[in-house]
Amino acid sequence: SEYCDKMINQLKTLKMLLIHDIVEIDAGDTFAYDLEAQKAKKEKEVKAANRIFSLLPLEQEKEYRDLWHEFEENITPEARFANAIDKFQAFVQNLHSNGSTWRKHGIKKSQVLERAESIKSISQDLYDLTVKLLDDAVRRNILRDG
């Protein structure tokens, strides 16, 4: 949270990230750069969320459903930072696999930067680090420039 430009509730942000990931695991992760698959993503995730949350006691179901919706709406500082961390995590995963997903799908630096743009609105430090690491990835030939 020290890299967030706003004051946030850390526990709430962590819960949001975990709930988001649980729903995504159940729905099946959708490749961020697959525009066609992105069209069906929301419907699959709503179905998964409804299935998962319906298994919980009512009070917990409401809390988790509310946190999931908050993450999806991406309006509050906690949701915006959770979304930034979610994007940054995927980015770091690609760096540590020598850009395997980027190379496999012909992803360019400009595409990654476009996806990372929302990080800037909640954490300039995290965005600056992203740009620095992207430049390094291009130099190391694990990400195409452009």
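A polar contact is a pair of N or O atoms within 3.5 Å; within protein, one must be able to donate a hydrogen and the other to accept it, and residues adjacent in sequence count only if both atoms are side-chain atoms. This tour uses a predicted model, in which local features need pLDDT of at least 70, side-chain atom pairs count only at pLDDT 80 or more, and totals for chains, interfaces and linings use all residues. Residues are numbered from 1 along each chain as its sequence is written, and side-chain values use heavy atoms, with hydrogens and water left out.

**Stop 1: His20**

Select His20, which is found in helix H1. Helices are DSSP runs of H or I with at least four residues, numbered from the N terminus. The side chain of His20 makes a polar contact with that of Asp86, at 3.3 Å. Contact in general means heavy atoms within 4.5 Å. Leaving aside neighbours within four places in sequence, His20 is in contact with Trp68, Phe71, Glu72 and Asp86. His20 has a relative accessible area of 3% and is buried; buried means under 20%, exposed over 50%, and partly exposed in between, with a 1.4 Å probe and protein chains only.

**Stop 2: H1 against H2**

Show H1 (residues 10-27) with H2 (residues 35-53): these helices pack at an angle of about 110°, with axes 8 Å apart. Axes are lines fitted to C-alpha atoms, for helices over the stretch in contact, and angles run from 0 to 180 degrees between N-to-C directions. That makes H1 roughly perpendicular to H2; the word covers 65 to 115 degrees, while under 35 counts as roughly parallel, over 145 as roughly antiparallel and the rest as oblique. By class, this contact has 8 nonpolar, no polar and 6 charged residues. Ala, Val, Leu, Ile, Met, Phe, Trp, Tyr, Cys and Pro count as nonpolar, Asp, Glu, Lys and Arg as charged, and the others, Gly among them, as polar. On the H1 side, select Ile19 and Ile22, among others; on the H2 side, the residues include Ala48, Ile52 and Phe53.

**Stop 3: H6 against H7**

Move to H6 and H7, whose axes come within 9 Å and cross at roughly 170°. These two helices are therefore roughly antiparallel to each other. The residues of their contact divide into 9 nonpolar, 2 polar and 4 charged. Among them are Val112 and Ile119 in H6, and Leu126 and Tyr127 in H7.

**Stop 4: the cores**

A nonpolar core is a set of buried Ala, Val, Leu, Ile, Met, Phe, Trp, Tyr and Cys residues joined through side-chain atoms within 4.5 Å. The largest has 21 residues, and those with the most contacts inside it are Phe91, Trp102, Val112, Ile119 and Leu143. H4, H6 (109-120) and H7 are the elements that give two or more residues to this core. Apart from it lies another core, of 14 residues, among them Ala48, Ile52, Phe53 and Phe71.

**Stop 5**

Select Asn94 in helix H4. Asn94 counts as buried, at 9% relative accessibility. A polar atom of the Asn94 side chain lies 3.3 Å from the backbone nitrogen of Trp102.

Next is Asn74, in the loop between H3 (58-73) and H4 (77-96). Its phi is near 55°, a positive value in a residue other than glycine. Asn74 is partly exposed, at 28% relative accessible area.

End at Asn141, in the segment after H7 (124-139). The phi of Asn141 is near 65°, also positive in a residue other than glycine. Asn141 is exposed, with a relative accessible area of 64%.
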